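Subject: Structure for you, with notes on salt bridges

Hi,

My notes on charged pairs follow below it.

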Amino acid sequence: MQLTLKPLALAALFVVTAGTLTACGDEPDKDQAPLVEIDKNPFPSTYQPLPAQTALITNVTILDGIGGQIDNGSIFIQNGKIQQVGEVDDLPEGTQIIDGKGKWVTPGIIDVHSHLGVYASPSTSSHSDGNEMTKPVTAEVWSEHSVWPQDPGFERALAGGVTVMQILPGSANLVGGRSVTVKNLPNRSVQDMKFPDAPYGLKMACGENPKRVYGEKGGPSTRMGNVAGYRQAWADAQDYQRNWDKYNAEYKQGKNPKAPKRDLKLDTLAGVLAGEIKVHMHCYRADDMATMMDVMKEFGYQIDSFQHAVEAYKIADLLAQNKVCSAMWADWWGFKMEAYDGIRENIPMVHNAGACAIVHSDSDLGIQRLNQEAAKALADGQRVGINISKAQAWQWLSANPAKSLGIFDQTGSLEAGKNADLVLWSSDPFSTYAQAERVYIDGGLAFDRQDPDSWPVSDFELGQPGEGDVK
């Protein structure tokens, strides 16, 4: 963030001078210092889409991402947008026709929990840039400043149908820092990948992780210490917010107040309180999640998702009531005590309760086959009598993630006017044997399985020339 000095327009402002009500003109008082403002977008997106194709994919089964299925349908894309879905007519001259007989089309997969780039491959300490383990609250750090775009994991995720992802800091801290949402088109810098105008996220963590990391560093060392740490951080942010509000109010009154001292940590926390930054919280146990929703209400912010949420099934009704999404694995459990009471029916049970269910990866390997993770969860639900259709289940991979990230107005479903982010699958995407044949991002062909020469390859994967290879 940067400080900018900007004169405040005072065309409609009145001040009292020597007992007389006086109208001010367009210029501030000559003795009034310039207004101090905080640039909330100092690292803007420089993303440029691929050349958009004009294409019709026809004779396919379409899952629209919002619970609908169209058999033997068509989808028409042009100018980077979805133009028509279902029955398509009036095609412009030069439209590429792709016969998808026997194939399926879905929205692109959105992974809300990725560490690609901040824990890049190969996994070495030199690539470990996800956890700023220096103090319990590090809201001042931004994951985008650790993202390495040459991580080969991006290309592998693209081959699995992933078009958008949220890259998060790790979960060592009570407050780990800001996340960034990117389009899965690796480029020279993270800003070239950054989803334009997507809200920032804030990574928080509860339970065992902060206890384990800080128990021997002066705390917190207990769950009650964790909660005290969150509450103090939010209280400090409220005070910071009040100081800036007071400064702006006094400036508008024609006074010459001193601007509060910038605090990068409190900038982020105040952004959450103002509703500008979304909260994504690592939390396993049901009681921890319920406690965090109480803290949320105390300080008037919104938790947008609980990440991992192994016990979400126990409080699915509370999640629905509080409009909190739950991003979950299909079957990871038992690797620590707070993950011990996981069940395979977690995702379908949360969905069945009317809450927002999401399938996520938290893995450079799992992100390559999130369609299969959703298939496992769907099958586990059906096995116990929770009858969810494939069309409904695809919401876990596109619409619900998009909603939790604040980008559903642009992507996450196959609807006219939305970004042409979609995948052509070789067969039913809930099959182990299905492959992403074509992946489109903003209507550009980002991955074509039939054209290996077009596949993006990280510079890091090219290796180094051997002896005698250099001419």
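Which residues are linked in a network of salt bridges? They are D331, R344, E345, E373, K376, D380 and R383. By salt bridge I mean a side-chain nitrogen of Lys or Arg within 4 Å of a carboxyl oxygen of Asp or Glu.

Some ground rules. This is a predicted model: local features need pLDDT of at least 70, side-chain atom pairs count only at pLDDT 80 or more, and totals for chains, interfaces and linings use all residues. Residues are numbered from 1 along each chain as its sequence is written, and side-chain values use heavy atoms, leaving out hydrogens and water.

The search of the whole structure gave 23 salt bridges.

- D304 and K278. Their closest N and O atoms are 3.4 Å apart. D304 is buried at 12% relative accessibility. The cut-offs: buried is under 20% relative accessible area, exposed over 50%, partly exposed in between (1.4 Å probe, protein chains only).

- D341 and K314. The N to O distance is 2.6 Å. Both residues lie in loops, so the pair ties together parts 27 residues apart in sequence. D341 is partly exposed at 35%, and K314 is partly exposed at 40%.

- D428 and K390. Here N to O is 2.3 Å. D428 is in the loop between β18 and β19, and K390 is in helix α10, so parts 38 residues apart in sequence are tied together. D428 is buried at 16%; K390 is partly exposed at 32%.

Best wishes

Note on methods
Helices (H or I, at least four residues) and strands (E, at least two) are DSSP runs, numbered from the N terminus.
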